[in-house]
Amino acid sequence: MGHYDFNAIDKKWQKYWKENRTFAASTSSDKPKYYVLDMFPYPSGKGLHVGHPLGYVATDIVARYKQLQGFNVLHPMGFDAFGLPAEQYAIETGTHPDTTTRANIVRYLQQIETLGMAYDPDSNDVWTCKPDYYKWTQWIFVQLFNSWYNQETNKAEPIADLVAEFEKGGSFAIIAACDQEEEFSADEWNSWDEKKQQETLMNYRLAYITEGTVNWCPELGTVLANDEVIDGKSERGGHPVFQKKMRQWVMRMTAYADRLLEGLDRIEWSESLKEQQRNWIGRSEGAEFDFRVQGHDANIRVFSTRPDTLFGATFMVLAPEHELVAQITTPAQKAEIEEYVAWSTNRTELERKSEVKHVTGCFTGAYAINPFTEKPVPVWIADYVLMGYGTGAIMCVPGHDERDHRFAKHFNLPIVEVVSGGNVQEEAYVSKDAQIVNSDFLNGMKASEAIPAAIGKLVDMGIGEAQVNFRLRDPNFSRQRYWGEPFPVVFRDGMPYVLDEKDLPVTLPEVESYKPTGDGESPLANVSDWVNTPQGMRETHTMPGYAGSSWYFLRYCDPFNENEFASREKTDYWMNVDLYVGGTEHAVGHLLYSRFWTKFLYDLGKISHDEPFQKLVNQGMIQGRSSLAYKKHDENTFVSFNKGAGQDLVQIHVDISFVENDVMNLDAFMAWHEDYQDAKFILEDDGTFICDHRVEKMGKRYHNVTNPDDICNRFGADIFRCYEMFLGPLEMSKPWITNGIEGVSKFFKRLWNLFTDDDNNLTLSDEAPSKAELKLLHQTIKKAGEDIEKLSFNTTIPQFMIFVNEMTRMNGNKRAILEPFLVVLAPFAPHTAEELWSMLGHQTSITEAAWPAWKAEFLVEDSFEYPVQINGKVRTKLNFANDLSKEEIESEVLKDEDVQKWISGLTLRKIIVVPKRIINLVAN
């Protein structure tokens, strides 16, 4: 048996690929292109565990396969290098985040090199924290600041064009995505001073500054986007998040809401992922209209998707932040309202939206007039109504809305039926198919008729119009931190101005402390020499984590371009991304921001595509198999699994490194932590200590992390790669069980022995292959190619095992069979394939070979294995040539010993042969 020295083989070929730049991409090629991409990784100081490479191995297989198919492949890997962990470490230790980040990236690159990844080496220099990269992030921000969204042309256009329109004709003919529908004439515009003009333009810019309620995390010292807050806590670190008024930069992503929806129909993403984005964007059609406030010169404007139920509106609810709350609240209700407003402002938007069981609210004392019934309805405030969605006020129809019904029941408010069906006093009845009742001119109609009729009436009354609303909010674009892209902005007379391209990049200064000031200002605010410039005072906020990751896929096309973010020629060649693989956690964050930035750059004419990722696949999670020891309460005594049944014990996660097959090494455990040095143990009868186990997320806190370096050192990179794929379908989550890798390891040893003798010499023959060998080879070529195209890698590994086992059984050593098999194996096991390919005498890398074509002629079955059924039960199986006649098959069946044994002593009544299906004998 030859020796499969995987460590030497791995190092040899990793060195070869690196020195020869084997996977460097080039646009000077007449080959078709294929762009395969992993989601931008953050270089964590913890390095990779075995779960991280799941998607990386998958894309690497595809990249190598496409290269063998004759494609010019771009498979890049850079780093999303700005981030909170490095800054938190800097705050704790004083170490510059750049130092930490660079060390982490070196470690990361070492690990992915160990796995044999076919990444474009030039892409490894794409780091978002490098000034030559974030210069172009800043440049894109400048373009956003200098642009507005023209709803007539349905695209972004230069702000200078808008100014020219204002100078000629004012705002009357402008249809724009903007904050305020302020109308003014050209004379008025031209009479305003620069500050007034700049304030007005801020309502139109795609990157704008505003003061609003934000998710403020004091512990992290920064503002968080909605998708970064989970259950009222920061996604990173789990710190409490509060609502706070603060000056913020914001991206006018809502201008692109319809296009973001439309684009989903043109890309190959899973329906579940598309639906997440559709729900996040939340397009709804309805009407906006006014309720007049009784006793006040004020109207409350509401948006409703069901204006046909207006006759059933028996009360109104405003957001606590609504500008009319203070104005309309009666003196008797003032104290109670102020207390409620103060309470609600400390709740996050997500908490307010998700709270459904606990009903809260407060009556203002004011009434508004229902425009259809002309009856007064009470006006309340409640924190489930948000200023950010719609108008910040809702009409409440408790008979036909579940949340309104709970509110009405809780506060004993009237409930009126206006949609027939159900018992609305008991529960809300929601239907678009039932008839409208108790609604005057709408009676007898269904929603499809009644909604437009109600809107028409509101228009005729001069108090409303049809309206489309979106749940999507303009995302915050500010962080009060050090480690992020500085804004290319200075303030003069309180107004922001962007810098010229020649002044980019604006780089980060050195600071004495990385800690935020605590009052909403970043550490940059303390660097007066940097803040104060001849052009004005610099913005001291930095950009959020998603800034650099919203366009990195474009930089990979042209990573060293000093004159632009990427040349149009190169993005035209490479974009858009053919296959994008990553986790589901980015569904409404990174993926939405990237699509928005891509559409904006498309509007500017800088790129020729308006969607970044044509096909996207979400990989599942590799889970850890945790080990759990049971401990007695208030005692340092641990109880083995089978001895603890029925006892009330505490579960302790223990490090899997000293647990094998659920048996714990007690010496290693006691040395692991000082608290356990004097621990006592209640053991099994055989003297062992058995742990319980649980499959859960792999992570440091569960002590269930398996390091891929350890696996590669023990088994080799190719065995690791194949086992990772063998675990199950790419999209599914599955547990990592190290013991299971032994089967794949044995397969590789059999594979090696198929090619070599005991002295590691090749044993291949130049003889012509048999039909059986050709059939097996072409089955494998066909199966592997189809599986890779479908990303069904887990079913390819068993086919490789079948191939090796069958070839071993047949003593197959034909070069004509084993050489093309190596090419098929190469995407999965590149080091082993390269070594054997070289031993076969090839002077060039196997990456320069051509993927073999399978031929149908070799897959034609020349025989069939028939199940032989005797009196209704299958008793044996017999193989017959396909060209035998029924009579010949019948004759051969009756000669078979097994058949004779089963019909012995019986009279054969009938024998039925169904060609290529079954043989049936009836005897009694």
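Is His703 buried, exposed or partly exposed? I looked this up and found that His703 is partly exposed, with a relative accessible area of 27%, where buried means under 20%, exposed over 50% and partly exposed in between (1.4 Å probe, protein chains only).

Before going on, I note that this is a predicted model, in which local features need pLDDT of at least 70 and side-chain atom pairs count only at pLDDT 80 or more, while totals for chains, interfaces and linings use all residues. Residues are numbered from 1 along each chain as its sequence is written, and side-chain values use heavy atoms, with hydrogens and water left out.

Backbone entries. I checked the phi of His703 and found a positive value of about 55°, although this residue is not a glycine. His703 lies in the loop between strand 29 (692-697) and helix 22 (708-715), where helices (H or I, at least four residues) and strands (E, at least two) are DSSP runs numbered from the N terminus. Most residues other than glycine have a negative phi, and most peptide bonds are trans.

I then looked at omega. The bond joining Leu504 and Pro505 is cis, with omega about 0°, and Pro505 is found in the loop between strand 18 (495-498) and helix 16 (528-531). The peptide bond from Met575 to Asn576 is also cis, with omega near 0°, and Asn576 lies in the loop between helix 19 (568-574) and strand 21 (579-582).

Helix 28 entry. I noted that eight of the ten residues of helix 28 (residues 830-839) are buried, so this helix is largely enclosed by the rest of the structure. The buried residues include Pro830, His831 and Trp837, and among the elements that cover them are helix 1 (6-19), helix 2 (53-68) and helix 27 (815-825), contact being heavy atoms within 4.5 Å. Gly841, whose phi is positive, near 105°, follows helix 28.

I traced an open sheet of three strands in the order 6-5-9, with antiparallel pairing; two strands pair if DSSP finds at least two bridges between them. Strand 6 (222-224) and strand 9 (242-251) stand at the edges with a single partner strand each, so one side of each is left without a neighbour in the sheet. Strand 5 (residues 207-217) pairs with strand 6 over three bridges, and Cys217 stands opposite Thr222 in strand 6.
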